[in-house]
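Dear colleague,

Please find below the structure that I am handing over to you. My findings follow it, and I would ask you to read them with the structure open beside the text.

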Amino acid sequence: MNLQDKNLHSKNIKKQARMLKSLGVQGLFISENKKSKFLNTVNDSLLKNKDQNIKVLFVGDDISGEDSQEGVLFKNIITKGMKLSKEDVHTIDTKEMILTHKGLTKILLEGIHQLKPFVIIVMGEKISQILLSSSNSILELRNSFINFHGTKLMCTLGLKPLIEDSSKKKLVWEDIQKVNNEVSSEK
């Protein structure tokens with residue numbers, strides 16, 4: 001798909017989202033075909049890592065794109081900030097996901113069941129609000145562990161705000177250090 005097609009596709013999605021929002025529907029819906037394709041991709045990925053007992057499960061937008069600014073920043077968080085190996089980490093990239101409470105929670109619960117993470121880090125305000133059924137800002141939700149269906153969950157800022165304002169990296173660093181301490185105490 002070329003850049004012009006991507007921009008047109010993005011405009012159509014935004015138009016549909018505005019229309020749905022004006023009707024009182026919250027969230028972004030995608031076609032059943034794309035939903036099915038996405039769920040199959042997530043399920044295949046989860047099945048490959050079934051029963052692994054990973055240390056940290058990351059959930060957020062643009063965390064799987066290694067060539068993007070967000071992907072490079074995310075890789076640095078894992079390798080430099082947390083010093084985790086690939087085997088210790090799994091990601092669920094929500095960029096193409098249905099952002100509704102029911103859909104996101106279902107996928108995350110499947111991930112918890114199959115991967116058995118010790119800690120989940122949710123990156124981004126909107127995703128955190130959806131999962132926790134909260135309207136609190138990310139600044140209120142971050143820096144504390146929340147019991148999410150028996151697993152410790154930490155909310156932190158998304159990658160885009162960190163790229164736009166590097167002074168916010170300190171907040172994420174604090175959250176990551178708290179998770180580091182929790183993961184190291186698990187041993």
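Is Phe 74 buried or exposed? Phe 74 is buried, because its relative accessible area is 4%. Please bear in mind throughout that this is a predicted model.

**The aromatic pair**

Phe 74 also takes part in the one aromatic pair that was counted. Its partner is Phe 58: the ring centres are 4.9 Å apart and the planes stand at 90°, so the pair is edge-to-face. The two residues belong to distant parts of the chain, since Phe 58 is in strand S1 and Phe 74 is in helix H3, 16 residues apart. Phe 58 is likewise classed as buried, because its relative accessibility is 0%.

**The sheet**

Strand S1 belongs to an open sheet of five strands. Their order is S2-S1-S3-S5-S4, and the pairing is mixed. S2 and S4 are the edge strands, each pairing on one side only. From one strand to the next, the twist averages 25°. As background, strands of a sheet pair through backbone hydrogen bonds, and they do so either parallel or antiparallel. S4 and strand S5 (residues 151-156) run antiparallel and are joined by four bridges. To see this pairing in detail, look at Asn 147, which stands opposite Lys 152 in S5.

**Helix H3**

Helix H3 lies across S1, S2 and strand S3 (119-123), and it runs at about 155° to S1. The helix has 14 residues. From its first C-alpha to its last it reaches 19 Å, close to the 20 Å expected at 1.5 Å a residue. Its buried residues are Glu 70, Gly 71, Leu 73, Phe 74, Ile 77, Ile 78, Gly 81 and Met 82. The elements that cover these buried residues include S1, S2, S3, H7 and H8. Lys 83 follows the helix, and its phi is positive, near 55°.

**Helix H5**

Helix H5 (residues 125-132) lies across S1, S3, S4 and S5. It runs at about 125° to S3. Within H5, the residues Ile 127, Ser 128, Gln 129, Ile 130 and Leu 131 are buried. Just after this helix, Ser 133 has a positive phi of about 50°.

**Salt bridges**

How many salt bridges does a search of the whole structure find? The search finds five, and I describe three of them here.

In one of them, the side chains of Asp 88 and Lys 55 meet at 3.9 Å, N to O. Asp 88 lies in the loop between helix H3 (69-82) and strand S2 (89-93), and Lys 55 in the loop between helix H2 (32-48) and strand S1 (56-60), so this pair ties together parts that are 33 residues apart in sequence. Asp 88 and Lys 55 are both buried.

Another salt bridge joins Lys 160 and Glu 70, whose closest N and O atoms are 3.0 Å apart. Lys 160 is in helix H7 (residues 159-164) and Glu 70 is in helix H3, so the pair ties together parts that are 90 residues apart in sequence. How do the two partners stand in accessibility? Lys 160 counts as partly exposed, because its relative accessibility is 45%. Glu 70 counts as buried, because its value is 12% and buried means under 20%.

A further salt bridge brings together the side chains of Arg 142 and Asp 175, at 3.0 Å from N to O. This pair, too, links distant parts of the chain. Arg 142 is in the loop between helix H6 (138-141) and strand S4 (145-148), while Asp 175 is in helix H8 (residues 169-186), 33 residues away. Arg 142 and Asp 175 are buried. Salt bridges with shared partners join Arg 142, Glu 174 and Asp 175 into one network.

**A residue of helix H4**

Finally, I draw your attention to Ile 107, which is placed in helix H4 (residues 101-115). Ile 107 counts as buried, because its relative accessibility is 4%.

Yours sincerely,

A colleague

How values were computed. Residues numbered from 1 in each chain as written. Predicted model: local features only at pLDDT ≥ 70, side-chain atom pairs only at ≥ 80, totals over all residues. Heavy atoms only, no water. Salt bridge = Lys/Arg side-chain N within 4 Å of Asp/Glu carboxyl O. Buried < 20%, exposed > 50% of the residue type's maximum accessible area, 1.4 Å probe, protein only. Phe/Tyr/Trp six-rings, centres within 6.5 Å; stacked < 30°, edge-to-face > 60°. Pairing = 2+ DSSP bridges. Axes fitted to C-alpha atoms, helices over the stretch in contact; angles between N-to-C directions. Contact = heavy atoms within 4.5 Å. Expected span 1.5 Å × (residues − 1).
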